[in-house]
Amino acid sequence: MPTAPLHIVFDLYPGVTHLDFTGPQQFLSRLPGARVTVAWKDGGELEADGLTFAGLSRLDAIEQCDILCIPGGFGTSAAILDEDFLDEIRRLAGLSRYV
């Protein structure tokens, strides 16, 4: 029986901890039928602790996902004060099977 596609979204933000993102991303991307989207509020590029993540999708361009993963990091204190960021997280979380 074929596995249904599984859309997984990782939402990054300034100050995200690399390992909190890359560990789960590596594991989840290997699930049968997985399609991973890496995003952040503004899309494009994001620098975190000297590493630049590029080609990121804009959060508001993602219609829905099955799994929404928001990695930890020292930037969470600032991220939770960003209402635009939180609005997009709330929207996607409401449409996701797992957060």
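Me: Is Thr-37 buried or exposed?
Reply: This is a predicted model, so the values are computed from predicted atoms. Thr-37 has a relative accessibility of 11%. The cut-off for buried is under 20%. Thr-37 therefore counts as buried.

Me: Which strand holds Thr-37, and which residues is Thr-37 in contact with, leaving aside neighbours within four places in sequence?
Reply: Thr-37 is found in strand S2, residues 34–40. Neighbours within four places in sequence are left aside here. The contacts are then His-7, Ile-8, Val-9, Phe-10, Ser-57 and Ile-62.

Me: How far does helix H3 reach from its first C-alpha to its last?
Reply: H3 covers residues 83–95, which makes 13 residues. At 1.5 Å a residue, 18 Å is expected. The model comes close to that, with a reach of 19 Å.

Me: Why do the buried residues of H3 line one face of the helix?
Reply: The buried residues are Phe-85, Leu-86, Glu-88, Ile-89 and Leu-92. On the other side of H3, Asp-84 and Gly-94 are exposed. Seen down the axis of H3, the buried residues line one face because they fall within an arc of 160 degrees.

Me: Which residue forms a salt bridge with Arg-91?
Reply: The closest N and O atoms of this pair are 2.8 Å apart. Both residues lie in H3, 3 residues apart, about one turn of the helix.

Me: Which residues are linked with Arg-90 in a network of salt bridges?
Reply: Arg-90 forms a salt bridge with Glu-83, the closest N and O atoms being 3.8 Å apart. Arg-90 is partly exposed at 48%, and Glu-83 is partly exposed at 47%. The residues linked with Arg-90 in the network are Glu-83 and Asp-87.

Me: How many salt bridges does the count come to?
Reply: One of the pairs is Asp-60 and Arg-58, with 3.1 Å from N to O. Asp-60 is partly exposed at 44%, and Arg-58 is partly exposed at 40%. The count of salt bridges comes to 6.

Key:
Residues numbered from 1 in each chain as written. Predicted model: local features only at pLDDT ≥ 70, side-chain atom pairs only at ≥ 80, totals over all residues. Heavy atoms only, no water. Helix = DSSP H or I, 4+ residues; strand = E, 2+ residues; numbered from the N terminus. Expected span 1.5 Å × (residues − 1). Buried < 20%, exposed > 50% of the residue type's maximum accessible area, 1.4 Å probe, protein only. Arc of directions from axis to C-beta. Contact = heavy atoms within 4.5 Å. Salt bridge = Lys/Arg side-chain N within 4 Å of Asp/Glu carboxyl O.
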